[in-house]
Amino acid sequence: MDDNTSPILYPLADVTVSVDPWSCRGTVALPDLVHEDDCSEFSVHWSVSYGQVEDGFIFNLLIGESIVTARVTDGCGNVVFASFTVTT
C-alpha cells in the first residue's frame with residue numbers, strides 16, 4: 001500500500017511567555033505534536049524566526065513575536081508544516 005497523504009496535525013496554540021529580566025530573552029518548551037497518519041514513523045524539525053532550538057526548548061527568544069514552525073515528515077516521505085506564535 002502506498003501512502004501519498006501527509007500527516008494530519010492538530011492545531012498548535014499560540015503562547016505568551018515572560019522574559020528573563022536580566023537578559024530580556026524568553027524560553028519556551030516545544031509542544032507535543034498530536035497527529036494522525038497511515039505511516040507509524042515520523043520526524044519533526046523545528047525552526048524559529050529568532051532563537052535557538054535545543055532539547056525540546058526554544059531559548060533566546062527576543063521580546064515581541066516569534067513564529068515557530070514544525071516540519072513533520074512521515075515514514076513514507078510525506079511532509080506537512082504547522083506553526084504557532086510565541087509572544088514574549
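Reader: How many bridges join β8 to strand β9?
Author: This is a predicted model, where local features need pLDDT of at least 70 and side-chain atom pairs count only at pLDDT 80 or more, while totals for chains, interfaces and linings use all residues. Residues are numbered from 1 along each chain as its sequence is written, and side-chain values use heavy atoms, without hydrogens and water. Strands are DSSP runs of E with at least two residues, helices are runs of H or I with at least four, and numbering starts at the N terminus. β9 covers residues 79-87 and runs antiparallel to β8, and the bridges that join them number nine.

Reader: Which residue in the turn between β8 and β9 has a positive phi?
Author: β8 and β9 form a hairpin, with four residues between them. The phi in question is about 90 degrees, and it belongs to Gly 77.

Reader: Is strand β8 largely enclosed or largely open?
Author: Buried means under 20% relative accessible area, exposed over 50%, and partly exposed in between, using a 1.4 Å probe and protein chains only. Seven of the ten residues in β8 (residues 65-74) are buried, so the rest of the structure leaves this strand largely enclosed.

Reader: In what order do the four strands of the open sheet stand?
Author: Two strands pair if DSSP finds at least two bridges between them. β2 and β9 run parallel with two bridges, whereas β5 (residues 42-48) and β8 run antiparallel with seven. The pairing is mixed, and the order is β2-β9-β8-β5.

Reader: Which strands stand at the edges of that sheet?
Author: The edge strands have a single partner each, so one side of each lacks a neighbour in the sheet. These strands are β2 and β5.

Reader: What kind of aromatic pair do Trp 46 and Phe 84 form?
Author: Rings of Phe, Tyr and Trp (its six-membered ring) pair if their centres lie within 6.5 Å; planes under 30 degrees apart are stacked, over 60 edge-to-face, and the rest tilted. By this rule there are two aromatic pairs. Trp 46 and Phe 84 have 6.3 Å centre to centre and 85 degrees between the planes, making the pair edge-to-face.

Reader: How many residues apart in sequence are the parts that the pair of Trp 46 and Phe 84 ties together?
Author: Both residues, Trp 46 and Phe 84, are buried. Trp 46 lies in β5 and Phe 84 in β9, so the parts tied together are apart in sequence by 38 residues.

Reader: And how do the rings of Phe 57 and Phe 59 pair?
Author: Phe 57 is partly exposed at a relative accessible area of 36%, and Phe 59 is partly exposed at 29%. Their ring centres are 5.9 Å apart with planes at 35 degrees, so the pair is tilted.

Reader: What separation do the C-alpha atoms of Asp 20 and Thr 88 have?
Author: Asp 20 sits in the loop between β2 (15-16) and β3 (26-29). Asp 20 and Thr 88 are 68 residues apart along the chain, yet their C-alpha atoms are separated by 9.9 Å.
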